[in-house]
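Please walk through this structure with me, one piece at a time. Keep the sequence beside the 3D view as you read.

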Amino acid sequence: AVDIELASKLKKKCSSKYLAVFQGRLHPQKGVLELIGIWKSVVASLPKARLAIIGDGELMSQVKKKIALFRLSANIDMLGYVYDGPQKAKIFSQSMIVVHPALFDSGGMATAEAMAFGLPAVGFDLPAYESYYPRGMIKVRLGDTAAFAQTILTLAGSSGLYKRLSKSAKLLVYQRLSWDTRAKEVLNHVTT
């Protein structure tokens, strides 16, 4: 479940500091090395586009090397592990899109946390996402990093699509993934 209290209090910034944010373990499962290549393609079209990476893990040194190799240090902020609370909420409120390029997954909640702030998501089309993220996320063919980058650019350039997907992402979390909703489901299950 997602704690929506901070998201409901914070207003989205008019101008975003980050075009996108990633949150997760820096682990092969999460596609973080692929994300650096994706971001290189995004920056080729939008040279000032910035990405926030929230997380830590075994691939930290490889991620930093790839950022340096692709000369993306001005475009990617490595923020390390950020505890839940005001600091993470501020990052989400300063971001436009949440990216989740996981290569295999069971539907973790990291993306949903950002979606609570109205951030539409972009991810690879994984079977688990049919139930976890039936809306609010554009899914691209697994491994198609060019399509992933193009989807980010399309979302950034289409205010109509962005607004629809943003609203859909927020509604998904508020209606299906909030603590209140999940608690009611558990209580209903226990009492029946």
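Glutamate 34 has a relative accessible area of 30%. Buried means under 20% and exposed means over 50%, with partly exposed in between, so glutamate 34 counts as partly exposed. This is a predicted model, and what follows should be read that way. Glutamate 34 sits in helix H2. Look beyond its neighbours within four places in sequence, and glutamate 34 is in contact with Leu103 and Thr145. Proline 101 is 67 residues away from glutamate 34 in sequence. In space, the C-alpha atoms of glutamate 34 and proline 101 are 7.4 Å apart.

Now follow H2 itself. It spans residues 32–45 and packs against helix H3, residues 60–69. The angle is about 15 degrees, and the axes are 9 Å apart. Angles under 35 degrees count as roughly parallel, so H2 and H3 are roughly parallel to each other. H2 passes H3 in a right-handed crossing. Which residues of H2 and H3 meet? From H2 come Val32, Leu33, Ile36 and Gly37. From H3 come Gln62, Val63, Lys66 and Ile67. Sorted by class, this contact has 5 nonpolar, 2 polar and 1 charged residues.

Take the pairings one by one. S1 (residues 18–23) pairs with S2 (residues 51–54) in the parallel sense, over 4 bridges. Here phenylalanine 22 has isoleucine 53 in S2 as its bridge partner. S1 also runs parallel to S4, joined to it by 3 bridges. In that pairing, tyrosine 18 has serine 95 in S4 as its bridge partner. S4 in turn pairs with S5 in the parallel sense, again over 3 bridges. There the bridge partner of valine 99 is valine 122 in S5.

How many residues of S4 are buried? The count is 6 of its 6 residues, and S4 is mostly covered.

Finish in the loop between H3 and S3, where arginine 71 lies. Is arginine 71 buried or exposed? Its relative accessibility is 74%. Exposed means over 50%, so arginine 71 counts as exposed. The backbone of arginine 71 deserves a look too: its phi is near 55 degrees, a positive value in a residue other than glycine. Most residues other than glycine have a negative phi.

Terms used
Residues numbered from 1 in each chain as written. Predicted model: local features only at pLDDT ≥ 70, side-chain atom pairs only at ≥ 80, totals over all residues. Heavy atoms only, no water. Axes fitted to C-alpha atoms, helices over the stretch in contact; angles between N-to-C directions. Helix = DSSP H or I, 4+ residues; strand = E, 2+ residues; numbered from the N terminus. Parallel < 35°, antiparallel > 145°, perpendicular 65-115°, else oblique. Left-handed = near helix turned anticlockwise from the far one by under 90°. Contact = heavy atoms within 4.5 Å. Nonpolar A, V, L, I, M, F, W, Y, C, P; charged D, E, K, R; others polar. Buried < 20%, exposed > 50% of the residue type's maximum accessible area, 1.4 Å probe, protein only. Pairing = 2+ DSSP bridges.
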